[in-house]
Amino acid sequence: MISELKTFVTVVELKNFTKAAEVLNLSQPSVSIHIKNLEAQFEVKLINRSVKQKKIIITDQGYKLYARAKEILDLIDTTKHELKTETSSIRGSLKIGSSFTIGEYLLPKFIAYFTNKYPEIDIKVLMNNTAAVCKGIKELSYDIGFIEGPPAFGNLNQHCFYTDEMVLAYSNTLTDISNIDAFANQCWISREDGSGTREYLNMFLSQNHIIPKKLMILGSNYAIKEAIKNDLGITIISRLVVNEPSKKGELNLFTLDDRFTRNFSYLTPKNVTQNEVTKVFLQELDDYYQKSQFTQGQSEIYPQKKP
């Protein structure tokens, strides 16, 4: 059954029988037989195939088996490793889904630290907005997900590991910031719907009864930061993104009140046993952000102006 489980896991992850056959070096009929054998063994439908659309749809029972199959295969790999070597080095791989702010401004520094300590763990990070990361965790596409704010789906394990601060960022050419009405005549720059950052911009506009003259949507924090520096508009954004250009005098910041602080969290699927690699990664992450001086950067002194 081990070969059937490997085939099934590959099909679920690739969402394609032909690609799975290529990866596994099997014929496509062999892949189909493996799936049918599992369905017969467990007496459930695992995968529905749409002939017209050439798509496959994993059933709820299929995702449950996928989670257990991953655990079984991870356990087998761990056992093989323990039997073949006496070294205590941890090996394996992690697939991480991350929102953009965390993926661009927090994870790189930690991953550099982690991979130096655990060089035999391979890490792949895919960035998307918060809603998409939550969806990926729910569908077991990621081992760990990193998000800003509350999860878009329930039934997930969530743990906060970092507190972030949102600020209002504007260019050096905007001098009159004393009147809230002046903001209505500005172009507001934001991420797309589904982004954690976008939720805070919407909240700021709503609380201050601002109807933007123009709203520009950009797909990354870097693009928004560069747009502000080049006087294209104003935004609500994480201090992590604009801290350095603010220190260099390339743009200005408003410090907002406590309503504009938010938690960064990591997510894992519920009712799925974590493998050793995931456990080690999360333990190191918690220890790192409890001990690291990096988080003290948030306590630096900035002008406490309020719009």
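Rings of Phe, Tyr and Trp (its six-membered ring) count as an aromatic pair if their centres lie within 6.5 Å. The legends below describe close-up views of a predicted model.

**View A. An aromatic pair between Y200 and F260.** By the ring criterion, the structure holds 19 aromatic pairs. In the pair formed by Y200 and F260, the ring centres are 6.3 Å apart and the planes make an angle of 55°, a tilted arrangement. Y200 belongs to helix α8 (residues 196–207), whereas F260 sits in the loop between β10 (252–255) and β11. The two residues are 60 residues apart, and their pair links distant parts of the chain.

**View B. The crossing of helices α1 and α3.** Two packed helices are described by the angle and the distance between their axes. The axes of α1 (residues 2–14) and α3 (residues 28–42) come within 9 Å and cross at roughly 110°. Angles of 65 to 115 degrees count as roughly perpendicular, and α1 and α3 are therefore roughly perpendicular to each other. On the α1 side, the contact is made by S3, E4, L5, T7, F8 and V11. These meet V31, H34, I35, N37 and L38 in α3. By class, the residues of this contact comprise six nonpolar, four polar and one charged.

**View C. The largest pocket and its lining.** The volume of the largest pocket is about 1300 Å³. Its lining consists of 45 residues, and those nearest the pocket centre are K70, D74, S93, D143 and N275. At least two lining residues come from each of α1, α2 (17–24), α4 (60–84), β3 (92–98), β4 (121–127), β11 (261–269) and α11 (276–291). Helix α4 gives the most to this lining, with 11 residues. The lining of the largest pocket divides into 17 nonpolar, 14 polar and 14 charged residues.

**View D. The second largest pocket and its lining.** The second largest pocket has a volume of about 470 Å³. It is lined by 16 residues, with Y63, K64, K138, L140 and N155 nearest its centre. Two or more lining residues are given by α4 and by α7 (130–138). Here α4 gives the most, with five residues. The lining of the second largest pocket has seven nonpolar, three polar and six charged residues.

Terms used
Residues are numbered from 1 along each chain as its sequence is written. This is a predicted model: local features need pLDDT of at least 70, side-chain atom pairs count only at pLDDT 80 or more; totals for chains, interfaces and linings use all residues. Side-chain values use heavy atoms; hydrogens and water are left out. Axes are lines fitted to C-alpha atoms, for helices over the stretch in contact, and angles run from 0 to 180 degrees between N-to-C directions. Helices (H or I, at least four residues) and strands (E, at least two) are DSSP runs, numbered from the N terminus. Angles under 35 degrees count as roughly parallel, over 145 as roughly antiparallel, 65 to 115 as roughly perpendicular and the rest as oblique. Contact means heavy atoms within 4.5 Å. Ala, Val, Leu, Ile, Met, Phe, Trp, Tyr, Cys and Pro count as nonpolar, Asp, Glu, Lys and Arg as charged, and the others, Gly among them, as polar. On a 1 Å grid over the protein atoms alone, a cavity is a set of points where a 1.4 Å probe fits but cannot get out, and a pocket is an open set with protein on both sides within 12 Å along at least five of seven lines; lining residues have an atom within 4 Å of a point. Grid points are joined across faces, edges and corners, and a volume is the space filled by probe spheres set on the points. Rings of Phe, Tyr and Trp (its six-membered ring) pair if their centres lie within 6.5 Å; planes under 30 degrees apart count as stacked, over 60 as edge-to-face and the rest as tilted.
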